[in-house]
Amino acid sequence: MVRLPVGVFLTVQVRGVVWRVMDFTERVPAATKVFELASLIAARHGGGAVDFTLYKEEKNERNRLRDPGAALGDLEFSSCTADA
């Protein structure tokens, strides 16, 4: 397992499949867990977004983020910008 250096951040682009009004970009630590990202999305929309599925990159079943405890920095992305 490769550990990312402390202080590494990722820029996450959240896009709603149905409603583009839900799109936003957030800079988060690479250690942020998938469940924390889901909580961030729900909080960002006043708790109204509660039943959604997260995918990396495009919406495809093979890209579904199934492990809520996985760190975003440990996931492989084809287009990812890391800011130190």
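A polar contact is a pair of N or O atoms within 3.5 Å; within protein, one must be able to donate a hydrogen and the other to accept it, and residues adjacent in sequence count only if both atoms are side-chain atoms. Keep that in mind for threonine 32, whose side chain reaches the backbone oxygen of proline 29 at 2.8 Å.

Before going further, a word on what you are looking at. This is a predicted model, in which local features need pLDDT of at least 70, side-chain atom pairs count only at pLDDT 80 or more, and totals for chains, interfaces and linings use all residues. Residues are numbered from 1 along each chain as its sequence is written, and side-chain values use heavy atoms, with hydrogens and water left out.

Let us start with the overall layout. Of the 84 residues, 24% count as buried, meaning under 20% relative accessible area, with exposed over 50% and partly exposed in between (1.4 Å probe, protein chains only).

Now step inside. The largest nonpolar core has 14 residues; such a core is a set of buried Ala, Val, Leu, Ile, Met, Phe, Trp, Tyr and Cys residues joined through side-chain atoms within 4.5 Å. Among those with the most contacts inside this core are Val12, Leu37 and Leu72. Strand E1 (9–14), strand E2 (24–29) and helix H1 (34–44) each supply at least two residues of the core. Leaving out residues up to four places away in sequence, valine 12 touches Phe24, Thr25, Glu26, Val28, Leu37 and Leu72, a contact being heavy atoms within 4.5 Å.

Back to threonine 32, which lies in the loop between E2 and H1. Threonine 32 counts as buried because its relative accessibility is 12%. With residues up to four places away in sequence set aside, threonine 32 touches Leu37, Ala70, Ala71 and Leu72.

Another loop, between H1 and strand E3 (82–83), holds alanine 49. Alanine 49 is buried too, because its relative accessibility is 9%. Beyond its neighbours within four places in sequence, alanine 49 is in contact with Met22 and Ala42. Alanine 49 and methionine 22 are 27 residues apart along the chain, and their C-alpha atoms are separated by 9.4 Å.

Technical notes: Helices (H or I, at least four residues) and strands (E, at least two) are DSSP runs, numbered from the N terminus.
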